[in-house]
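Reader: I would like to go through this model with you, one question at a time. Please give the criteria behind each term as it comes up.

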Amino acid sequence: MEHTRDSGPVVTKAESGAPDPEGGPDTPASQLGEIGRQAGRGLRWSVLGNMVMKAGSFAMSLVMARLLVPAEFGIFAIALAASQFVIYINDAGIIAATVQWRGKLEEMAPTATVVAITSSTLLYAFFWVFAPYFAEMSGSESATGVIRVLTAVNLVYGLTAVRSAALLRRFEQDKLTKANLVGFLVTAPVTITLAANGAGAYSFAWGQLLGAVATGVLVVLYARVKVGFGLDRAMAKKLLVFGLPLCVTLGIEGLLLNVDSVIVGDALGAEQLGFYLLAFNISSWVPGLVGTAVRYVALPSFSRLAEQGGDSVSEGVQRAIPLLLSIVLPFGVLLGVLAPAVIGFLYIPRWEPAAEVLSFLSVLMVVRMMTALVVDILAAMGATKATMWLNLGWAVALIPSLILGAQVGGIRGAAIAHAVVALVVAVPLSVLTMRRAGVVLGPVVSALGRPMLGGVLCAAVTVTLVTVISDGIPFVHLAVAGGAGLLVYVLVVVPQAVLKQLGSRVTGLIPARSR
């Protein structure tokens, strides 16, 4: 495949010499504005794609919860923990290194491709051998085969790493979205068909593997990066100097997200792990929908801002963090308060034990999304060692806390440990690393006041109505208590001018005779 456009840094209006109404052709304002527009387009596509994917995944989970028993979910959770850990370190940081590369993509693509493929192949070979020990350590030896199938997904990711990065670098999230949707259209029917025919946890593994292959083929076709292999040692060293610290960071992040499955499985067995996995998956809906979309654009956007120098990154952070928290906080509050109603409404009675876990994992959900943004910002600035220390400090505090929590309080205790460590350790470490990287956070603190007040009032209203409504019907709790809590949050957090503007638009859509 031949290049059909330049794969170097994004060409803005200012760089091409086109007139720009925001300033002269070379002003920082024009460059910042163009980056913002490109990132906004990419974010819209990412959100749209994730909405469709999450809706499909949700529907599939409802079907699978009726086809499989909790113990089979637990076996899959063990395999997923192994696979998700590998995926974070799979490419040796090559995707991030490619996205923030300051030169031309075609110069480094052959070397980057070789490094990514080599890394993913060695990791897969290691986990093929290590799979029985990992399964036994997690409390279910029958997970060995599922681990070996599911971790093969990472071979596909290694083959397509540079091509995926090229699409991210050019803000072509629409093409990534289309590729992922096609992959899901393969995953869903394969998974459900296999489960209906008694494949158990293997149905998840084979469905995801075949879906990844379909997505990978389209990514290669869309990327328009010439397929080539080569190894420039100086280039490889430069890529790894940037990528390996970030790889360690992401590896620790993978550990943070999946070590609980190993600990819960070992301490409490596959059935309890199945309940825990269901709750964790529900708590991941918003990160999967909004967080994944944000991460698709955060690294390339802040990389371009870092190139501008000056206060560009700080200004971007001061906008991004309050906005992201304002979006995710009400979902965290409502999910935490209404966890029993969510489980009761969506799933059959045998899954009720997952509710007590979900209440606390909703706290982790909010923190995860904020720290993920911090990691991407630091990586874009080249501060990959800072990201490593952030996640390492979190992991050192989390692992013993999870072990103690699971032993003392079961799956509920593990969830409480996760939430407490996230708030007490991860949040302060995120603030510290950002300040040391030179990001000015003062305006961020003041901008968070309104969302935090809205979150407190949302929780108070929702809890009060849940207590008052005694009929116990999950849908009523969700509709009345959840709806009222969300309304209060919106009235507190969204500026009145914006609400009036939205009201005017809605009124304008109503025919005159209907008013």
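Reader: How are α15 and α16 oriented to each other?

Author: This is a predicted model, in which local features need pLDDT of at least 70 and side-chain atom pairs count only at pLDDT 80 or more, whereas totals for chains, interfaces and linings use all residues. Residues are numbered from 1 along each chain as its sequence is written, and side-chain values use heavy atoms, with hydrogens and water left out. The axes of helix α15 (residues 354-380) and helix α16 (residues 384-436) cross at roughly 165 degrees and come within 10 Å, where axes are lines fitted to C-alpha atoms, for helices over the stretch in contact, and angles run from 0 to 180 degrees between N-to-C directions. Because angles under 35 degrees count as roughly parallel, over 145 as roughly antiparallel, 65 to 115 as roughly perpendicular and the rest as oblique, α15 and α16 are roughly antiparallel.

Reader: Is the crossing of α15 and α16 left-handed or right-handed?

Author: A crossing is left-handed if the near helix is turned anticlockwise from the far one by less than a right angle, and right-handed if clockwise. For α15 and α16 the crossing is left-handed.

Reader: How do the residues of the contact of α15 with α16 divide by class?

Author: Ala, Val, Leu, Ile, Met, Phe, Trp, Tyr, Cys and Pro count as nonpolar, Asp, Glu, Lys and Arg as charged, and the others, Gly among them, as polar. On that basis, the contact of α15 with α16 divides into 23 nonpolar, seven polar and two charged residues.

Reader: Which residues of α16 make the contact with α11?

Author: The axes of helix α11 (residues 270-283) and α16 cross at roughly 40 degrees and come within 10 Å, and the two helices are therefore oblique to each other. Contact means heavy atoms within 4.5 Å. From α11 the contact is made by Gln 272, Phe 275 and Tyr 276, and from α16 by Ile 411, Ala 414, Ala 415 and His 418.

Reader: How are α8 and α9 oriented to each other?

Author: Helix α8 (residues 173-196) and α9 pack with their axes 7 Å apart, at an angle of about 155 degrees. In passing α9, α8 makes a right-handed crossing. The orientation of α8 and α9 is therefore roughly antiparallel.

Reader: Is Ser 203 buried or exposed?

Author: Ser 203 is in helix α9 (residues 202-223), and, not counting residues up to four places away in sequence, Ser 203 touches Met 64, Leu 68, Thr 191, Leu 194 and Ala 195. Buried means under 20% relative accessible area, exposed over 50%, and partly exposed in between, with a 1.4 Å probe and protein chains only. Because its relative accessible area is 0%, Ser 203 is buried.

Reader: How many residues has the largest nonpolar core?

Author: A nonpolar core is a set of buried Ala, Val, Leu, Ile, Met, Phe, Trp, Tyr and Cys residues joined through side-chain atoms within 4.5 Å. Trp 394 is one of the residues with the most contacts inside the largest core. The number of residues in that core is 115.

Reader: How many helices and strands does the secondary structure come to?

Author: Helices (H or I, at least four residues) and strands (E, at least two) are DSSP runs, numbered from the N terminus. For the chain, the secondary structure comes to 20 helices and zero strands.
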